[in-house]
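Trainee: Please take one part of this chain and go through it closely. I want its surroundings, its packing and its place in the whole.

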Amino acid sequence: MRHTSSLCCVVLFLIVPFKVLAEVDAATGLVNAPGFEFVKSQCTICHSGSLIVSQRLEEKDWIRMIRWMQEEQGLWSLGDLEEPILRYLTKHYGVSVNLNRRRKPLNKNIFSTE
Ligand code: HEC
């Protein structure tokens with residue numbers, strides 16, 4: 001039994017990094033998940049995906065960003081694609097997605113010199 005569970009661990013360690021790699025599209029840097037194809041085809045023409053990857057916005061601010069590009073930067077109407085694009089952006093590049101997680105502050109007591 002012990003052998004089986006440690007074998008499972010080894011297999012997991014081998015699979016997990018591949019899974020993480022598979023989720024990000026190498027060409028655009030965008031997460032490869034439902035809606036990705038639309039975002040790739042509509043949003044990586046004028047600039048790279050890295051502008052998207054580095055943003056964290058709520059849905060209303062993604063809408064504002066899209067409207068700004070439509071009014072000022074020549075982005076076309078997204079039509080039926082706007083809804084799945086917004087869903088994708090809010091899910092993967094929304095405010096609750098924090099890729100720069102920091103650890104909790106250290107316990108102050110450990111800095112005491114007394
Ligand atoms: C017609 C051209 C065009 C298309 C298509 C386009 N954008 Fe942009 N976008 C721009 C321009 C121009 C900028 C400003 C770039 C700069 O500041 O250097 C920009 C900037 C951005 C920024 C960065 C804004 C900031 O303040 O940092 C994000 C995020 C963004 N676009 C997302 C998107 C998304 C999502 C889509 C698809 C719905 C999209 N773009 C499609 C022209 C476009």
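Mentor: Helix 4 gives the most to the shell around the ligand, with three residues. Helices here are DSSP runs of H or I with at least four residues, strands are E runs of at least two, and both are numbered from the N terminus. The model is predicted: local features need pLDDT of at least 70, side-chain atom pairs count only at pLDDT 80 or more, and totals for chains, interfaces and linings use all residues. Residue numbers run from 1 along each chain as its sequence is written.

Stay with the shell. There are 16 residues around the ligand, and Cys 43, Cys 46, Leu 51, Gln 73 and Gly 74 come nearest. A residue is near when its C-beta atom, placed from the backbone, lies within 6 Å of the molecule. Two or more residues each come from helix 2 (36-43), helix 3 (50-53), helix 4 and helix 5. Eleven shell residues are nonpolar, five are polar and none is charged. Nonpolar covers Ala, Val, Leu, Ile, Met, Phe, Trp, Tyr, Cys and Pro; charged covers Asp, Glu, Lys and Arg; the others, Gly among them, are polar.

Now the packing of helix 4. General rule: two packed helices are described by the angle between their axes and the distance between the axes. Helix 4 (residues 59-72) packs on helix 5 (residues 82-92) at an angle of about 125 degrees, and the axes are 9 Å apart. Axes are lines fitted to C-alpha atoms over the stretch in contact, and angles run from 0 to 180 degrees between N-to-C directions. Helix 4 and helix 5 are therefore oblique to each other. The scale is this: under 35 degrees is roughly parallel, over 145 roughly antiparallel, 65 to 115 roughly perpendicular, and the rest oblique. Their crossing is right-handed. That label applies if the near helix is turned clockwise from the far one by less than a right angle.

Which residues of helix 4 and helix 5 meet? Glu 59, Trp 62 and Ile 63 in helix 4 meet Leu 86, Leu 89 and Thr 90 in helix 5. Contact means C-beta atoms, placed from the backbone, within 7 Å. Four of these contact residues are nonpolar, one is polar and one is charged.

Helix 5 has another partner. The axes of helix 2 and helix 5 come within 9 Å and cross at roughly 105 degrees. That makes helix 2 roughly perpendicular to helix 5. Phe 36, Phe 38, Val 39 and Gln 42 of helix 2 make this contact with Pro 84, Ile 85 and Tyr 88 of helix 5. Six of those residues are nonpolar, one is polar and none is charged.

Burial in helix 5 comes next. Ile 85, Tyr 88, Leu 89, Thr 90 and His 92 are buried. Buried means 20 or more other C-beta atoms within 10 Å, exposed means 12 or fewer, and partly exposed lies in between, with C-beta atoms placed from the backbone. Helix 2 and helix 4 are among what covers the buried residues of helix 5.

Tyr 93 sits in the segment after helix 5. Tyr 93 has 19 other C-beta atoms within 10 Å, so Tyr 93 is partly exposed. Tyr 93 and Glu 59 are 34 residues apart in sequence and 9.6 Å apart in space, C-alpha to C-alpha. Beyond its neighbours within four places in sequence, Tyr 93 contacts Ile 52, Gln 55, Arg 56 and Leu 57.

Last, the whole chain. The chain has five helices and zero strands. Buried residues make up 10% of its 114 residues.

Notes:
Contact = placed C-beta atoms within 7 Å.
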